[in-house]
Amino acid sequence: MAAMSKVLGDEDLLRGILLRVGFPTTLVRASLVCKRWYLCASDPAFLRRFRDLHPPRLLGFYLELWVGNWRCRSRFVPMSLPPELGVSRGSFDFETYQGLRRCCPPPHLLFALLGGYAAESVKVQCWRGNVFAEISNSHRRVQAVRSPLLPGRDSTIVPPFPSPRNNRGFITKIDEFVPNYGAKGPSFIFLSVRCSTHRCVAKVYVLQDGAWSIHASASAEIPSFQTISNILLVDSRIFVLAKWTYRKDCVLILLDLSSSSFSVIELPEEMEIKKWYNGANALEQMYNGANTLLWADDSGVYLIYAIRLQVHIWLHSTNSDGVGNWLLVDTINLREICATQGISSRVLDDGHDAAGFGVHMAMYNAEFLLFGWGGGHNTAGSRMRMAICNAEFLLFEMGDGIIYSLDVRSRAVQKVHECDMTVQHHRVAKIHPFMMIWPPVFPALMDGCD
């Protein structure tokens with residue numbers, strides 16, 4: 001017994017054991033053994049080592065398909081679901097209502113919430129192990145959030161979003177569900193922004209006791225703008241890539257909820273997207289303006305955009321003096337990569353790299369990329385569908401329903417899925433990567449817990 005206590009009391013040995021558990025979800029369960037294990041597992045320095053050994057992996061992706069009449073169906077395509085996770089594909093499924101059956105009895109609650117009619121459209125968003133689903137038919141709409149990696153946790157029915165009473169006289173109107181990619185604060189918010197010619201007002205709502213309530217608000221004397229990217233929330237900071245409404249220029253806008261303030265981060269003159277929005281016409285901007293903001297852990301914010309078959313990855317970071325800097329991390333020429341690896345499509349063969357072609361993105365860690373060209377039965381106006389999970393991989397779909405994964409570092413391309421595109425009107429609308437949870441969420445430590 002004394003020998004066992006000596007071994008288990010060795011801090012270095014304990015850290016070595018916890019480093020080998022493999023998954024953040026398993027690490028959280030291990031932290032519940034005792035206070036000592038909890039403090040070791042949740043230590044920031046330990047978590048950095050853990051992430052280096054076990055970088056967040058892509059477990060799969062939701063494929064959002066247009067099925068005609070402005071309806072979408074989303075289904076989960078698994079890529080790596082190790083048995084150690086203890087979850088099945090059904091945990092990710094909203095199509096058969098399995099994802100919501102734990103809300104409350106009876107099991108067909110969703111069917112009842114939809115007015116007794118089947119779901120006709122399912123749209124999703126994914127972040128940090130969570131899935132937000134908007135499920136609707138011609139009668140009603142239901143919104144829910146669930147965590148597929150935590151099958152024992154009930155799903156949350158999200159009430160209708162707040163509806164601002166006064167919408168007159170505003171140029172910019174933003175009402176959007178925004179997930180939190182940080183480890184602090186609410187898991188998601190509802191953001192409402194109203195801008196007149198020279199003034200912007202933002203209100204942030206959070207879900208409390210089943211109802212939306214105002215969490216924070218801010219106002220600033222800045223011109224009205226249009227969002228040209230996803231809205232990125234990290235803890236108490238909201239980032240959005242924006243184009244001024246009455247000027248040919250784009251900037252990164254930061255809304256800091258802790259100080260209730262707006263700030264504007266200028267883009268460098270050599271950034272291609274700045275040149276593009278200064279000179280491209282509206283049609284070219286619509287088809288080529290595929291822009292994604294991605295959190296780079298403690299390094300800053302990635303701005304990833306694609307123009308005419310070239311993907312550009314920039315990083316904005318802030319030094320110890322609070323000075324922000326932009327760095328061009330990588331430029332990916334998709335036409336060259338596809339030509340080198342023998343990948344062909346009608347988009348590439350027909351030379352659609354001008355105004356009639358574009359890219360749609362959503363990235364996951366700046367090293368891997370899923371991508372493709374999606375134009376249905378009509379090559380005119382084709383768009384490449386990309387999912388950028390973490391700037392390490394990129395997923396892409398090439399109009400014929402074939403989805404590839406690109407390793408940004410090695411430039412290796414791998415086919416990961418093929419859709420049935422023979423059904424009329426079917427086409428890929430979006431690809432939503434589902435990543436392993438990071439950073440892990442540890443329960444609050446109770447007073448007197450050993």
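Author: In this predicted model, a search of the whole structure finds one cavity of 30 Å³ or more. The volume of the largest cavity is about 100 Å³. Its lining is made up of Ile174, Leu191, Val193, Phe225, Ile231, Ile238, Phe239, Val240, Ile253, Leu255 and Phe262. By class, the lining comprises 11 nonpolar residues, no polar and no charged ones.

Four strands each supply at least two residues of this lining: E8 (188-195), E11 (225-234), E12 (237-244) and E13 (250-256). The largest share, three residues, comes from E12.

The structure holds 18 aromatic pairs. One of them joins Phe132 and Phe177, which are stacked with 3.9 Å from centre to centre and 15 degrees between the planes. Because Phe132 belongs to strand E4 (residues 130-136) and Phe177 to strand E7 (residues 172-179), this pair ties together parts that are 45 residues apart in sequence. Both Phe132 and Phe177 are buried.

Phe161 and Phe190 also count as stacked, because their ring centres lie 4.8 Å apart and their planes meet at 15 degrees. This pair, too, links distant parts of the chain: Phe161 sits in the loop between strand E6 (156-158) and E7, whereas Phe190 is in strand E8, 29 residues apart. Phe190 counts as buried because its relative accessibility is 2%, while Phe161, with a relative accessible area of 22%, is partly exposed. The cut-off that separates them is 20% relative accessible area, under which a residue is buried. Phe132, Phe161, Phe177 and Phe190 are among the members of one aromatic cluster, which also includes Trp127, Phe188, Tyr205 and Trp212.

As for the cysteines, the count comes to one disulfide. A disulfide is a covalent bond between the sulfur atoms of two cysteines. Here the partners are Cys195 and Cys200, with their sulfur atoms 2.2 Å apart. The link of Cys195 and Cys200 is right-handed, with 115 degrees about the S-S bond. Cys195 and Cys200 are both buried. Two further cysteines also lie in the interior: Cys126 counts as buried because its relative accessibility is 11%, and Cys419 counts as buried because its value is 8%.

Key. Residues numbered from 1 in each chain as written. Predicted model: local features only at pLDDT ≥ 70, side-chain atom pairs only at ≥ 80, totals over all residues. Heavy atoms only, no water. 1 Å grid on protein atoms, 1.4 Å probe; cavity = no way out; pocket = protein on both sides within 12 Å on 5 of 7 lines; lining within 4 Å. Points joined across faces, edges and corners; volume = space filled by probe spheres on them. Nonpolar A, V, L, I, M, F, W, Y, C, P; charged D, E, K, R; others polar. Disulfide = S-S within 2.5 Å. Buried < 20%, exposed > 50% of the residue type's maximum accessible area, 1.4 Å probe, protein only. Phe/Tyr/Trp six-rings, centres within 6.5 Å; stacked < 30°, edge-to-face > 60°.
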